[in-house]
Amino acid sequence: MAIKDWINKRGFSVRERFQKMMKCIWSGQQIRVDDTIASSESLATRDYSVSGYSSRPGEMAETKVDNSNIEEAESSLRESGYLNYEEARALLGRLEYQKGNIEAALHVFEGIDVAAVTSKMKVSLARRCEQNRRRSQSDAAPAMSMHAVSLLLEAIFLKAKSLQHLGRFGEAAQSCKVILDNVESALPEGLSDNYSTDCKLQEILNKAVELLPELWKLAGDPQEAILSYRRALLYYWNLDMGTKSKLEKEFAVLLLYSGADASPPNLRSQMEGSFVPRNNIEEAILLLLVLLRKFFLKRIGWDPSILDHLAFALSVSGELRAIAHQVEELHPEIMNRKERYSTLALCYYGEGEDIVALNLLRNLLNSRDNPDCILELLLASKICGENMSCIEEGISWARKALSGLNGRCGQMVSKANCLLGVLLSSQSRLVSSDSERILKQSETIEVLETAEKMMTERDPYIVFHLCLENAEQRKLDVALYYAKQLLKLEAGSSVKGYVLLARILSAQKQFVDAETVINAALDQSGKWDQGELLRTKAKLQIAQNQLKNAVETYTHLLAVLQVQYKSSGAGKKLLKTKGKWDRSLEMETWHDLANVYTSLSQWRDAEVCLSKSKAISPFSASRWYSTGLLNEAKGFHQEALRSYRKALDVEPTHVPSLISTACILRQLGGQSMPIVRSFLTDAVRLDRTNPAAWYNLGLLYKADASASALEAAECFEAAALLEESAPIEPFR
């Protein structure tokens with residue numbers, strides 16, 4: 001107390017001594033701070049000249065020292081009895097930084113020997129954490145005051161900020177990292193509550209923790225940025241809720257969009273059985289869910305971007321139902337009715353629950369409170385276009401969208417016309433009248449061409465449907481043009497574009513060119529995308545009567561599918577429907593292979609293939625159809641008929657089974673002609689481009705004495721024309 005009283009009495013001399021220090025540090029002269037206090041660290045033991053950075057030397061130095069720095073100096077002198085060289089530099093550097101003299105400030109900060117004061121700072125921080133412990137008299141170096149520690153840490157932080165201003169981001173990050181390294185080394189268990197009262201130190205740490213990952217991002221090192229974010233969130237820095245939430249959001253954004261592949265975090269304290277993220281997406285989802293939980297607990301305010309980022313992350317991982325669950329939990333004040341219903345509809349549509357999505361949209365669109373719902377109208381019409389029972393409703397939604405747009409946005413009008421064209425195409429396949437069907441087909445082409453003309457940039461979706469519609473109407477030259485345009489637009493990245501082009505070429509009987517296209521696609525595509533390409537190639541080989549080659553291709557396809565199932569890659573679950581599609585592809589491949597073995601009279605191999613198919617799905621119309629073909633080839637007509645009928649029990653609209661049933665009944669006799677005709681007319685109604693249905697109907701009319709020869713001739717003519725332009729697989 002006596003020493004403190006003595007310092008307080010001599011307070012007038014403190015300001016004078018500090019001004020002398022500043023004058024010394026600017027002029028390059030040496031001066032003793034206090035002759036009564038001996039210190040090897042005093043400013044008198046060193047000299048420093050910054051004449052190149054000071055616009056006014058020596059005599060003007062006093063005017064450059066503001067009151068805050070003088071008060072800081074007084075505080076340091078009162079606490080420790082002297083102001084050492086590093087502290088003086090820290091004060092002067094801060095002054096220059098505050099005045100905007102960044103280079104001068106950096107030059108001053110670089111004179112601080114950080115390595116020399118690091119051990120003292122660590123001791124001081126550790127002792128502050130254990131205030132009740134008696135200090136040992138045998139300490140080699142006296143501990144710094146917390147004020148001095150804060151002053152030096154601030155100097156290191158401002159040095160990092162200065163380097164950042166000068167564009168030296170890597171050096172800035174290394175300087176900022178020194179602060180966190182020292183604190184974490186001194187306090188491995190984190191900051192205790194004792195430090196919460198030291199506002200200056202806590203403020204510096206908060207800023208350093210926030211700045212470090214930003215500096216690594218500016219330096220172009222996302223891996224170091226990821227490590228810095230993890231360090232900020234896993235170590236107990238005593239951060240306030242706002243700062244920690246800000247870091248969590250920034251880290252999630254970095255993980256989602258940086259393109260860097262982060263290794264799983266190595267947690268020091270990990271409870272057994274607790275979740276550890278395996279990749280960027282999982283870690284980002286975890287962070288965003290934590291933020292959402294904080295909002296639900298009213299610890300932070302609402303930030304709409306959190307839900308946007310979470311929706312992106314979950315959609316990429318195929319967890320659309322999880323997005324729907326989070327949206328359903330939100331309070332109505334956070335998300336309005338229109339946005340909520342639209343988001344939920346998209347989620348359920350992505351999950352394959354089309355009817356649920358459509359019902360949500362119906363509730364929204366039938367309300368008078370939502371007049372401007374163009375996007376929702378388009379989504380509803382798209383869903384209806386994929387469900388044959390809702391075609392009329394979809395057409396009304398698409399026309400309503402066009403009416404609401406009224407030509408305002410060319411791109412939206414183009415998309416609406418395209419969806420209307422898809423719906424009209426589906427409608428044309430349902431009508432029974434030839435004249436009405438031709439009218440609908442003509443309208444479909446007209447609407448799709450209008451959609452194409454209104455595109456500011458060519459849309460692959462529109463070009464694909466134009467190509468598909470022209471192909472189905474057997475306008476093969478036009479379809480071929482659009483198929484080639486589609487490949488150019490997609491830069492050869494779409495498997496379905498290659499498949500459609502190959503089918504068009506096969507309809508023109510250019511099988512060799514079609515196989516060349518498929519081989520090129522196989523060379524450019526990934527292994528997991530080759531399934532449909534290999535199946536198309538096998539079909540082309542069958543069309544060229546290369547049955548042995550087709551067997552090899554099918555065997556290769558099955559091997560690819562088997563390897564894919566056994567693979568445990570992270571990307572396997574990107575789309576849940578992908579697995580269903582692959583299983584369906586495997587099943588159809590077994591059926592195709594069984595049919596090839598049947599044509600080669602290899603009955604045993606065909607039976608093995610069918611047993612493999614049965615293990616995938618015991619109720620399959622195509623499996624019963626292939627079984628019927630096998631029995632028919634063996635000469636077991638009654639067994640074949642039973643198989644075809646079982647196929648129709650499973651799928652009453654299975655056209656090949658309808659045709660084969662009619663053929664068996666006609667061969668067996670004993671059935672009335674109207675029953676046979678009903679099977680064939682149903683087949684023609686369901687697939688008017690099937691040449692086998694028309695041919696067998698012609699044979700029936702020819703054998704029927706009551707039928708005219710003209711009817712038979714028309715059926716044979718239709719069969720011949722369709723056979724000339726029949727693809728190896730249906731276009732759609």
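I began with Glu154 and Arg94, and both are buried (under 20% relative accessible area; exposed is over 50%, partly exposed in between, with a 1.4 Å probe and protein chains only).

I noted the conventions next. This is a predicted model, where local features need pLDDT of at least 70 and side-chain atom pairs count only at pLDDT 80 or more, while totals for chains, interfaces and linings use all residues. Residues are numbered from 1 along each chain as its sequence is written, and side-chain values use heavy atoms, with hydrogens and water left out.

I then counted salt bridges (a side-chain nitrogen of Lys or Arg within 4 Å of a carboxyl oxygen of Asp or Glu) and got 35.

Glu154 is in helix α7 (residues 146-165) and Arg94 in helix α4 (residues 85-98), so the contact ties together parts 60 residues apart in sequence. I took helices as DSSP runs (H or I, at least four residues; strands are E, at least two), numbered from the N terminus.

I went on to Glu184 and Arg231, whose side chains meet in a salt bridge at 2.7 Å, N to O. Glu184 belongs to helix α8 (residues 169-186) and Arg231 to helix α10 (residues 222-234), so this pair joins parts 47 residues apart. Arg231 counts as buried at 17% relative accessibility.

I also checked Glu283 and Arg230, which form a salt bridge at 2.7 Å, N to O. Glu283 lies in helix α12 (residues 280-296) and Arg230 in helix α10, 53 residues apart. Glu283 is buried at 7% relative accessible area, and Arg230 is buried at 8%.
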